Amino acid sequence: MKLFHQLLVAPAALGLLAPVAANATELNINGVSDYAATGEQVTSITQFSDVYPTDWAYQALSNLIERYGCVAGYPNGTYRGNRAMTRFEAAALLNACLDRVTEVTDELKRLMKEFEKELAILKGRVDGLEARVGELEATQFSTTTKLKGQATFVVGANTFGGNAKQFDGEKRADVAAATSGATSFNYDLRLFLDTSFTGKDLLRTMLRAGNFGKSAFGGNGYVGLDAMETAFEEPSGANSVAVNRLWYQFPIGSSFTATVGGLVRQDDMLAVWPSAYPADTIIDFFTYAGAPATYNLGLGQGAGISWASDDFSISANYLSTNGALSDPNAGGIATDAAGSNGTVQIAYAPENWGLAAAYNYTSQNAGTLYAGNGTPLAVLATGEGNNSSFGLSAWWSPEEASWFPSVSAGWGYNSVTNNDSLTFRELDTQSWYVGLQWADAFLKGNTLGMAVGQPTFVTNVEYRNDVSESDFVADGNYAWEFWYQFQVTDNISVTPAIYYLSRPYGDLTDGGGNIVGGDRGNDTFNNFGGLVKTTFKF
């Protein structure tokens with residue numbers, strides 16, 4: 001017998017062949033013969049009429065029968081488990097089990113030889129995986145943090161038309177082409193370090209770099225509404241990497257979530273973002289759910305709390321855009337110079353549609369709007385006063401991709417008050433958009449989208465002399481974008497896009513407009529742009 005077999009049966013043999021409670025005069029050779037020769041081989045323990053699940057050896061006997069099939073009973077269908085075993089009976093049982101073990105071992109050897117190559121390949125793969133796991137464990141910088149990233153390339157240009165002139169008499173289209181008409185190639189890089197200590201909380205650190213500071217797509221060209229959502233550059237200059245976000249979010253009970261951050265953005269603290277548009281961002285204005293003054297994406301130091309239950313949610317948050325400063329005349333928390341930004345949102349958002357209403361208050365120096373989401377007059381006015389704004393949004397997406405698109409719409413209203421202004425006392429602005437998006441358009445994984453709307457524009461002005469005129473202001477304008485996202489791989493997408501701005505200077509189109517003393521006429525100025533955006537996610 002081979003060593004393996006010896007080791008396998010040694011414990012059983014020692015127990016079975018030991019002296020049992022029977023002497024020579026009790027030995028019944030006929031009984032042994034009945035057990036070993038004429039006994040019935042069984043395939044299930046239920047075939048024994050005298051063995052019950054309550055017997056202490058029931059499971060062991062069942063394993064011998066079902067795994068090896070080496071247990072036989074007496075011809076009358078009994079096992080007689082309480083009867084003392086003779087040495088002959090032990091030898092017969094042991095011999096039957098050894099025969100079955102030998103059969104099983106021989107079958108295993110045959111299978112191992114037949115699949116020898118496959119087993120060798122599997123072993124090599126397992127060894128390789130173990131080595132890779134060991135390498136990753138040795139080089140990982142944290143067991144609680146995951147790194148994600150997104151790099152974006154943008155290549156594009158703008159053209160300008162119209163006969164409107166500046167204060168100095170130069171045609172706007174000519175000046176715009178001379179200062180912002182070249183083709184540019186810019187990039188944006190975002191790195192996300194997401195840390196969880198309990199599995200339910202999130203500490204997010206976002207690093208960002210870019211070179212859009214002097215690009216038309218950065219909102220700093222001749223037309224601010226050319227700005228893209230992906231455009232970014234640190235104040236310290238192009239290619240500088242800096243912390244762009246740092247906040248911690250954690251649950252309170254089963255329904256509340258709290259967020260606090262040393263550098264947190266307004267939308268980081270909302271339970272719901274009220275739009276299904278866009279899957280890929282182009283013009284920045286179309287990323288504010290139609291209400292840039294309300295969802296102004298203020299960035300600073302603050303905290304917020306949200307409650308969610310059965311698709312309903314309520315969010316409330318506050319941040320100070322100057323909260324890192326200790327001088328109360330320049331910043332701080334909840335001071336006159338804090339740049340206060342407070343938001344309350346109520347939303348109902350089932351799986352594929354939703355409604356949301358939000359109110360926002362920003363103080364005079366909070367930077368409510370910027371050149372990328374409003375006309376020059378609207379941006380100037382909101383920066384000079386306290387803003388009370390309201391946004392209403394709705395969205396719907398089909399449950400499955402089809403010819404019918406997802407639909408997102410939003411409207412925003414903003415009231416600006418400024419008792420210190422020499423020009424106006426109160427001023428109102430509005431904005432709206434509708435965005436359509438087709439999933440799996442033409443090819444599975446690709447997306448088609450378009451949107452139309454009016455970036456924030458002034459609708460009414462109340463002057464210091466209590467004169468209020470709405471038809472005196474001609475600040476209206478329209479924006480339109482159309483894009484198609486090719487999903488090249490799971491991590492790479494290429495999006496060609498075009499857009500049109502009908503009157504990006506609004507009331508200031510023709511020499512300055514009425515509010516600042518210009519001559520109002522029928523002069524025109526428009527902007528057409530095209531670009532290709534490539535996004536890498538890793």
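Visitor: In which helix is the place of Thr-382?

Guide: In this predicted model, Thr-382 sits in helix H7, which covers residues 376-383.

Visitor: Why is Thr-382 called buried?

Guide: Buried means under 20% relative accessible area. Thr-382 has 1% relative accessibility, so Thr-382 counts as buried. Leaving aside neighbours within four places in sequence, the contacts of Thr-382 are Gln-364, Thr-368, Leu-369, Asn-387, Asn-414 and Val-416.

Visitor: What makes Lys-123 and Asp-127 a salt bridge?

Guide: The rule asks for a side-chain nitrogen of Lys or Arg within 4 Å of a carboxyl oxygen of Asp or Glu. The closest N and O atoms of Lys-123 and Asp-127 are 3.2 Å apart, so the pair meets the rule. Both residues lie in helix H5 (residues 116-139), 4 residues apart, or about one turn of the helix.

Visitor: Is Lys-123 buried or exposed?

Guide: Exposed means over 50%. Lys-123 has 54% relative accessibility and therefore counts as exposed. Asp-127, with a relative accessible area of 37%, is partly exposed, because that class lies between 20% and 50%.

Visitor: Which parts does the pair of Asp-194 and Lys-148 tie together?

Guide: The two form a salt bridge, with the closest N and O atoms 3.5 Å apart. Asp-194 is in strand S2 (residues 184-195) and Lys-148 in strand S1, so the pair ties together parts that are 46 residues apart in sequence. Asp-194 is buried at 13%, whereas Lys-148 is partly exposed at 41%.

Visitor: Why do Asp-268 and Arg-245 count as buried?

Guide: The cut-off is under 20%. Asp-268 has 14% relative accessibility and so is buried; Arg-245 has 8% and so is buried. Their side chains meet in a salt bridge of 2.9 Å, N to O. Asp-268 lies in the loop between strand S5 (256-265) and strand S6 (299-309), and Arg-245 in strand S4 (residues 242-252), so the pair ties together parts that are 23 residues apart in sequence.

Visitor: Which residues do salt bridges with shared partners join into one network?

Guide: Asp-188, Arg-190, Arg-208 and Glu-229. By the rule used, the count comes to 11 salt bridges.

Visitor: Why are the buried residues of H6 said to line one face of the helix?

Guide: The buried residues in H6 include Arg-172, Ala-173, Val-175, Ala-176 and Ser-180. Seen down the axis of H6, the buried residues fall within an arc of 165 degrees, so they line one face. These buried residues pack against S1.

Terms used. Residues are numbered from 1 along each chain as its sequence is written. This is a predicted model: local features need pLDDT of at least 70, side-chain atom pairs count only at pLDDT 80 or more; totals for chains, interfaces and linings use all residues. Side-chain values use heavy atoms; hydrogens and water are left out. Helices (H or I, at least four residues) and strands (E, at least two) are DSSP runs, numbered from the N terminus. Buried means under 20% relative accessible area, exposed over 50%, partly exposed in between (1.4 Å probe, protein chains only). Contact means heavy atoms within 4.5 Å. The arc is that of the directions from the helix axis to the C-beta atoms.
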